[in-house]
Amino acid sequence: MNARHEEFDAVIVGARCAGAATAMLMARAGLRVLVVDRTHPRRDTLSTHALMRAGVLQLSRWGLLQRVVAAGTPPVTATTFHYGGHTETLQLTEPLYAPRRTVLDTALLSAAQEAGAQARFGVDVTELCRDRTGRVTGVVARVRGGDRVTFRAPLTIGADGLRSTVARLAGAPTVRRGAAASALLYGYWPSPSASQYDWFYRPGVSAGIIPTNDGQVCIWAGLPSDRFADERGRSGLADLFTRVLAEAAPEAAALVARTERTGALRGFPGVPGYLRRATGPGWALVGDAGYFKDPLTAHGISDALRDAEFLTRAVVDGGQDALAEYERTRDRLSLPLLDVAESIAAYRWNLGEIRELLLAESAAMKPEVAALRALDTPVPAEAA
Ligand SMILES: Cc1cc2nc3c(=O)[nH]c(=O)nc-3n(C[C@H](O)[C@H](O)[C@H](O)COP(=O)(O)OP(=O)(O)OC[C@H]3O[C@@H](n4cnc5c(N)ncnc54)[C@H](O)[C@@H]3O)c2cc1C
């Protein structure tokens with residue numbers, strides 16, 4: 001085989017949760033899969049990584065939850081909602097998890113490689129190949145060192161995140177565009193006994209505590225994007241974080257004040273949500289490449305794992321109509337969540353209204369969990 005021109009059944013651009021999960025499922029189904037990424041999933045990425053029920057369910061169905069737990073990811077056994085001074089705690093019948101992305105994405109990638117998927121890193125996809133009819137037939141990439149390489153496949157999958165190159169080059173139309181965007185600032189602090197998600201809401205601000213690996217909690221503070229843009233330059237990230245956290249969650253601010261942060265504070269200025277067409281001739285999108293909603297919903301990873309499954313099923317079933325069905329399923333399950341995310345991210349709610357919005361968000365997640373629970377095993381299960 002010519003090293004500069006290789007052929008596969010599917011080429012996947014992006015090797016994090018959407019791409020690695022898709023590669024794993026397609027390889028388990030017997031397809032020759034190549035997944036490429038310009039970086040490596042062992043490098044951390046911007047995310048507070050709380051999984052919702054659908055995400056945990058997928059890891060469990062795929063035989064990967066044990067790996068995530070064995071990596072020291074603590075179980076989350078309750079969720080407490082703080083509406084100003086009023087709290088409501090929900091005990092969970094089955095635990096949730098919030099693995100660091102270095103843990104989750106590498107577990108998915110290892111499983112993909114064990115199933116036979118090829119993975120290449122330092123590979124930056126810059127062009128799509130097309131046949132005479134305009135159908136996408138693969139990608140052209142720049143590899144480390146400057147060489148160009150072509151990977152051909154009947155299906156090219158964009159799992160390349162928010163600024164998807166595949167979506168742009170394929171001309172994937174945006175079918176729904178949000179207007180609201182919220183900003184998040186977050187970091188990690190030691191708190192080895194933490195075992196619940198805490199979500200805090202006060203008018204104009206929000207915050208959260210998320211137990212994760214290494215005996216740490218991820219603490220985030222949320223605010224409208226325009227306030228972030230206005231105050232970040234004047235006061236810097238650390239002061240802004242302290243100020244917003246104190247406004248939203250005095251309990252979390254106290255924890256932050258008495259312990260030392262591990263690593264840097266990270267900031268996300270906010271991006272309005274969107275839904276793009278998920279498929280076209282020779283191409284498909286999974287994860288953020290096709291659908292992004294405000295991170296206040298803490299649901300992007302769960303969606304990516306869901307998309308990976310429905311897309312793989314469509315490809316294994318075969319035919320462009322199967323891909324269209326993938327898109328219809330994704331849209332049916334995503335649009336209600338996108339709408340509620342838009343209202344939450346706008347920060348135009350009072351405490352009664354945010355409670356109603358969160359209940360609506362929870363209701364919007366239920367059909368997705370039901371749809372995933374209803375699936376039989378789509379691909380050979382991981383060998384025990
Ligand atoms: C601040 C913040 C907090 C969040 N918190 C949560 C949360 O608590 N829970 C949750 O579920 N979701 C959360 N999300 C959303 C979640 O992080 C995303 O939905 C998720 O990362 C999407 O995964 P993905 O695999 O689609 O894309 P990504 O994780 O963005 O991965 C895309 C990959 O594609 C690669 N790539 C891009 N372009 C190219 C190219 N041209 N060639 C080769 N490789 C390329 C990139 O290097 C990257 O590795 C949060 C997001 C943000 C911004």
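1. Start with Asp37: an N or O atom in its side chain lies 2.7 Å from an oxygen atom of the ligand. Bear in mind as you read on that this is a predicted model.

2. The side chain of Thr165 has an N or O atom 3.1 Å from a nitrogen atom of the ligand, and for the side chain of Asp124 the corresponding distance to a ligand nitrogen is 3.3 Å. On its own the ligand would expose 1,000 Å², and the protein buries 93% of that.

3. Now the shell. There are 31 residues around the ligand, and Asp37, Thr48, Arg101, Asp288 and Ile301 come nearest. By type, the shell splits into 13 nonpolar, 11 polar and seven charged residues.

4. As for where the ligand sits, that's the largest pocket. The elements giving two or more residues to the ligand shell are α1 (17-28), β7 (123-130) and α8 (300-317). The pocket holds about 1,200 Å³ of space and has 50 lining residues, with Thr45, Leu46, Gly161, Leu162 and Asp288 nearest its centre. α8 gives the most to this lining, with four residues. The lining counts are 23 nonpolar, 14 polar and 13 charged.

Key
Residues numbered from 1 in each chain as written. Predicted model: local features only at pLDDT ≥ 70, side-chain atom pairs only at ≥ 80, totals over all residues. Heavy atoms only, no water. Near = heavy atom within 4 Å. Polar contact = N/O pair within 3.5 Å; in protein donor to acceptor, adjacent residues only side chain to side chain. Areas by Shrake-Rupley, 256 points an atom, 1.4 Å probe, with all protein chains shown as cover. 1 Å grid on protein atoms, 1.4 Å probe; cavity = no way out; pocket = protein on both sides within 12 Å on 5 of 7 lines; lining within 4 Å. Sits in = over half its atoms within 2 Å of the grid points. Nonpolar A, V, L, I, M, F, W, Y, C, P; charged D, E, K, R; others polar. Points joined across faces, edges and corners; volume = space filled by probe spheres on them.
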